[in-house]
Amino acid sequence: MTAMELTTRAVHAGREDLTDLGLHAAPIDLSTTYPSRDSHAEAVRLDLAGTGVDLGESPIYGRVGNPTVGRFETALANLEGAESAVAFATGMAALSACLLTVAAQGKRHVVAVRPLYGTTDHVLATGLLGTEVTWSSVDSLKRDIREDTGLVLVESPANPTLSEVDIRAIDVDVPVLVDNTFATPVLQRPIEQGADIVLHSATKFLGGHGDVLGGVVACGEDFARQLRQVRMATGGLLHPLAGYLLLRGLSTLPVRVAHAAATAGELARRLAGHPGVTKVYRPSIGGPMVSFDVAGDPHAVIGAVRLVTPAVSLGSVDTLIQHPGTLSHHIVPEQDRESGGIGDRLLRLSVGLEDVEDLWADLDQALSKS
Ligand SMILES: *Cc1c(COP(=O)(O)O)cnc(C)c1O
């Protein structure tokens, strides 16, 4: 399966056994507990779960794991080229588990490159989970590593400026975590470029329809075992129904991303020539995200769109627009927003699957109101 093309794997990974089971759609297992007549054998398996081993089909208790979620984990690990994946209730639950895992080993220092997703920035800047951050740049990462550094954390393309980090250029001896939410494994597979841990807010492109929250970490099996222990302790599991929707979302991910990326490229080209737009931000890897600075009032644009959905979040089938300064990055202090290049006139567009002409007509009329 790993030898096949990504589009094929997106459809089939995590479902290899279905035909032999006589099934087409993945079964949804809603069990909270898993019966057994052999409690001695269960005790042995529970000891394994305590060390973070994935118990598979019959995980003893629902907080230990879930077979439907397991299918999504298998599929996402396959797409990212990772040994394992561990799913969580949200992207922030996934990030928290990574931070708690390294902090529990006495490695509570994180070196991170801004800009980052607003709440990620907030958790690191405030030390809410007991970590300490040093803000760095790719060039100075090595210098900022300490004895107690547990993670290097970057986002690429970053939220919301779409600035990119050269992952291959990161040369450090501590685990490197890349938030790959904006790129998806369709456009970028950080593990192939030397990263150790890949994080997704599955809420965005992986789910793809704006109707499921989730998070997932793709990594080596050793780190995955530690994450499963933290997940069992903190209970931030992905719900099985969400696991089902995310597995289904993965099957159309390459098609959705390619189509939206083509539309986004055309919209970026037209925005760059629009008199109401002063700057357009596009990552070199392409993709469905476009950010831009407006000459006039960005809030007037948000108020004037009629087809485009004025909402925070991204990665849905419909096109979404939001103002990072008041929504996704409002939680980041103003001076830090500004130094991170997140200006007050910046708007972030997540392009969906609508026709490009309909989207342009709506953006053009909204820009004329600003
Ligand atoms: C949304 C987002 C998150 C947080 O994910 P949730 O599922 O909302 O918890 C983390 N990183 C990035 C880049 C995001 O866009």
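This is a stop-by-stop tour of a predicted model, with something to select at each stop.

Residue numbers start from 1 along each chain as its sequence is written, and in this predicted model local features need pLDDT of at least 70, while side-chain atom pairs count only at pLDDT 80 or more. Totals for chains, interfaces and linings use all residues, and side-chain values use heavy atoms, with hydrogens and water left out.

**Stop 1: helices α5 and α9**

Select residues 91-103 for α5 and residues 221-234 for α9. Helices (H or I, at least four residues) and strands (E, at least two) are DSSP runs, numbered from the N terminus. Two packed helices are described by the angle between their axes and the distance between the axes. Here α5 and α9 pack at about 105°, with axes 9 Å apart. The axes are lines fitted to C-alpha atoms, for helices over the stretch in contact, and angles run from 0 to 180 degrees between N-to-C directions. The two helices are therefore roughly perpendicular, a label for angles of 65 to 115 degrees. Now show the contact side chains (heavy atoms within 4.5 Å). From α5 come Ala97, Cys98, Leu100, Thr101 and Val102; from α9 come Phe223, Gln226, Leu227, Val230 and Thr234.

**Stop 2**

The term needs a side-chain nitrogen of Lys or Arg within 4 Å of a carboxyl oxygen of Asp or Glu. Arg231 is buried at 4% relative accessibility, and Glu73 is buried at 6%. Buried means under 20% relative accessible area, exposed over 50%, and partly exposed in between (1.4 Å probe, protein chains only). The structure holds 15 salt bridges.

**Stop 3**

Select Glu132 and Arg108, which pair at 3.5 Å, N to O. Glu132 is in strand β3 (residues 132-136), and Arg108 is in the loop between α5 and β2 (109-113), 24 residues apart. Glu132 is partly exposed at 31%, as is Arg108 at 35%. Next, take Glu192 and Arg189, a salt bridge of 2.9 Å, N to O. Glu192 is exposed at 54%, whereas Arg189 is partly exposed at 22%.

**Stop 4: helix α6**

Select residues 118-126. The buried residues of α6 are Gly118, Thr120, Asp121, Val123 and Leu124. They pack against α5, β2, β3 and β4 (149-155). Gly127 follows the helix, with a positive phi near 65°.

**Stop 5: backbone details**

Go to Pro115, in the loop between β2 and α6. The peptide bond from Arg114 to Pro115 is cis, with omega near 0°. Move to Pro157, in the loop between β4 and β5 (176-179). The bond from Ser156 to Pro157 is cis, with omega near -10°. Leu162 is also found in the loop between β4 and β5. Leu162 has a positive phi of about 65° although not a glycine, and is buried at 3%. Finish with Ser313, in the loop between β10 (309-310) and β11 (320-322). Its phi is positive too, about 85°. Ser313 is partly exposed at 24%.

Conventions:
Parallel < 35°, antiparallel > 145°, perpendicular 65-115°, else oblique.
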